[in-house]
Every structure is written in structure tokens, then in C-alpha cells.
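Thanks, everyone. I would like to take a few minutes to walk through one part of the model now coming up on the screen.

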Amino acid sequence: GYLEPELAAGMPMVTMDRPMSGVSVDCVMSDNAAGIGMAFHHLHEHGHRRIAYIGDSERVFSGRERAAAFRAALIAHGQPVDALVHPGEITAERVGAALEIALGGHDPATAVVTGNLDTTIAVLRLMGPEAASRLAIVGFDAVPLADLVQPALTVVAQDTTAIGRTAVELLSARIAEPARPVQTVIVPVKLEIRGSGELPPRRAADATR
């Protein structure tokens, strides 16, 4: 709402990554739901039937969309949501607690989908290279030096070039035609297969030793 005076004064505006709450402006963002669906189905195709999600807080638009898409995938495959979906603040304590719940108990997850770059890094740091190399993981967002992890990290990659180009195009169109209808553009994502998401199911106790 604090931007309403600028909008009323005619300032052209485009948001990237998520829509702006309280005002109606052009937006360009990734296809969050499709990306989570890709990650889930990729792991499912490799034999995983207990797949956990650890992601950002649902107060964040992208975090909310990705968690909702993961819940929908679980339900579509007849899986319970309890103990498998863990959105929240990205801190070592919170992510560690989520890992403990997801990988512990009598029916642990055999694979993990991480909801963004920061969560992926937190999971890898907490698990350590040996344990992480034995657990199937698919991350949302490209990870710098992902090829140095063994096996290399399978990710859902956002097309940041297309997002940036589209944002400039939307802004140019808004400048040229201020009264044009507000537009939201959803940019496709791509599953980059490198190895970590193709690991077969194994007991979490084995994966985390």
C-alpha cells in the first residue's frame, strides 16, 4: 500500500518473482506449481513413495505457492501430508527440526524437495556431504557449484534471463500505454537432471549415517 501514491502519480511499475499485495501492477514470475510438480513426479518415477518438502515461510508468496503445490501432489498420490510438508523460516534450527521429523520415525521419507536456494544450502550443510550423497534431493532454484556435490544436485531451474527480459518488456509496454490491462506472465521452469534426484529409495537411517 505504501506505493499507492506513486502509482496514482503515474509511475510505471512491474514486480518480479511475486505479485505485490494490496495493489494491482504487472508481474512476472516463475511457474512455482509446475516446478514443484516436476520435482515430485521425478522422485516418484524413481521409486520414492515418501517424499518430504522443506521450504520457505508461507508468508512469502512463492513459499506459499510451492508448499501448496507439494501438498496437492501428495494428496493426488494418496500420501498423507502430516510430517512431510515443512514450510517456515530458513534457520538452521528450523530446517534441522524439519529434517529430523521427515527422516525419523517409523516411516521416514526417502527423498526431499527443497523449496528454494537458501533451504537447499541449509539442508546440505546440516546433513553433511556423506549423508547428503545418500539421500535423493531435488532443489528448487539453481545452486552455485551444484556440480561439486556428489552426486551433482538435480534442480528445478528458473529462467532468470527470461524473467528479466519479460519484466523490461512489461515495463516498456506500461510506459507506452499506461491504461493497458494489468498483466501477469508466468515463466516456465526446467528440471535439470544431474544425479541427486535419481538416487533410489533407501532407509533414512542408512541415508543419514
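Predicted model: local features only at pLDDT ≥ 70, side-chain atom pairs only at ≥ 80, totals over all residues.

Which residues does N116 touch, not counting residues up to four places away in sequence? With contact taken as heavy atoms within 4.5 Å, N116 touches D56, R66, I90, F140 and D141. Residues are numbered from 1 along each chain as its sequence is written, and side-chain values use heavy atoms, with hydrogens and water left out.

N116 itself sits in the loop between β5 (111-114) and α5 (117-132), where helices (H or I, at least four residues) and strands (E, at least two) are DSSP runs numbered from the N terminus. N116 counts as buried because its relative accessible area is 11%, the cut-offs being under 20% for buried, over 50% for exposed and partly exposed in between, with a 1.4 Å probe and protein chains only.

One of those contacts, F140, brings us to β6, residues 136-140, where five of five residues are buried. A136, V138 and F140 point one way from this strand, and I137 and G139 point the other way.

As for its neighbours, strands pair if DSSP finds at least two bridges between them. β5 and β6 pair in the parallel sense over four bridges, with V112 opposite I137, and β6 pairs with β7 (residues 154-158), again in the parallel sense, over three bridges, with V138 opposite T154.
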